[in-house]
Amino acid sequence: DFGIDLGTTNSAVAVLRGTVPDIIKNNDDHDITPSAVFIDKRGQCFVGQRAKNRQEDESSGDDVYLEFKRRMGTDHQYEFKTSGRTMSPEEVSAEVLKSLRGDVQQRLSEDLQASVITVPAAFEAKQCAATKKAGELAGFSLCPLLQEPVAAALAYGFQSDVTKEF
């Protein structure tokens, strides 16, 4: 019943409650979480708005990454200079997914083990495999992928059926 939009700019998690989708608010009480990751010199990882805000800080700017989804399925490595840590796009994406799982845990007291993750229609097999790997790294035992246009069509069809019932 859970779905995740692992977005290039922002990400979100929702659950279907009967016939109504419910966006799970993050720890900042927002519906969306910026797809941003910052690792400080101690190796502590920050995700979302706190990470994105660090981008403007001259001393932290080299340790903040955004738009890493664009490199999914490549050999690119992100170097968090102050901590000396290096991560693949899948590993950085996994941090965002972990954050969304944590939001579900905090808000619903539920240990989220499975979720559908949407991917762009243009994602090729390597990019889809990388997204599945990010889900596994984030602790999901099951994370089927659904192309965004298919998800939109299903949502539209589902909502059409629901309104017909009333």
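Trainee: What volume does the second largest pocket have?
Mentor: Keeping in mind that this is a predicted model, the second largest pocket comes out at about 150 Å³.

Trainee: And which residues line the second largest pocket?
Mentor: The lining is made of Asn26, Asn27, Asp28, Thr33, Val47, Gly48, Gln49, Arg50, Ser99 and Asp103, and helix H1 (49-54) and helix H2 each supply at least two residues of it.

Trainee: How does that lining split by class?
Mentor: There is 1 nonpolar residue, alongside 6 polar and 3 charged ones.

Trainee: OK, what about the largest pocket, what's its volume?
Mentor: The largest pocket has a volume of about 660 Å³. Its lining takes in 21 residues, and those closest to the centre are Gly3, Ala14, Pro21, Ala151 and Ala155.

Trainee: Which elements give two or more residues to that lining?
Mentor: Strand S1 (2-5), strand S2 (10-17), strand S3 (20-23), strand S10 and helix H4 (148-165) do. By class, the lining of the largest pocket has 15 nonpolar residues, with 4 polar and 2 charged.

Trainee: Switching to charges: how many salt bridges does a search of the whole structure find?
Mentor: The search finds 8. One of them joins arginine 101 to aspartate 111, with the closest N and O atoms 3.0 Å apart.

Trainee: Where do those two partners lie?
Mentor: Arginine 101 sits in helix H2 (residues 89-108), whereas aspartate 111 is in the loop between H2 and strand S10 (116-119), so the pair ties together parts that are 10 residues apart in sequence.

Trainee: Is arginine 101 buried or exposed, and why?
Mentor: Arginine 101 counts as buried because its relative accessible area is 15%, and the cut-off for buried is under 20%.

Trainee: Which residue does lysine 25 form a salt bridge with?
Mentor: Its partner is aspartate 31, and the closest N and O atoms of that pair are 2.8 Å apart. Lysine 25 is partly exposed, at a relative accessible area of 32%, and aspartate 31 is also partly exposed, at 38% relative accessibility.

Conventions
Residues are numbered from 1 along each chain as its sequence is written. This is a predicted model: local features need pLDDT of at least 70, side-chain atom pairs count only at pLDDT 80 or more; totals for chains, interfaces and linings use all residues. Side-chain values use heavy atoms; hydrogens and water are left out. A salt bridge is a side-chain nitrogen of Lys or Arg within 4 Å of a carboxyl oxygen of Asp or Glu. Buried means under 20% relative accessible area, exposed over 50%, partly exposed in between (1.4 Å probe, protein chains only). Helices (H or I, at least four residues) and strands (E, at least two) are DSSP runs, numbered from the N terminus. On a 1 Å grid over the protein atoms alone, a cavity is a set of points where a 1.4 Å probe fits but cannot get out, and a pocket is an open set with protein on both sides within 12 Å along at least five of seven lines; lining residues have an atom within 4 Å of a point. Grid points are joined across faces, edges and corners, and a volume is the space filled by probe spheres set on the points. Ala, Val, Leu, Ile, Met, Phe, Trp, Tyr, Cys and Pro count as nonpolar, Asp, Glu, Lys and Arg as charged, and the others, Gly among them, as polar.
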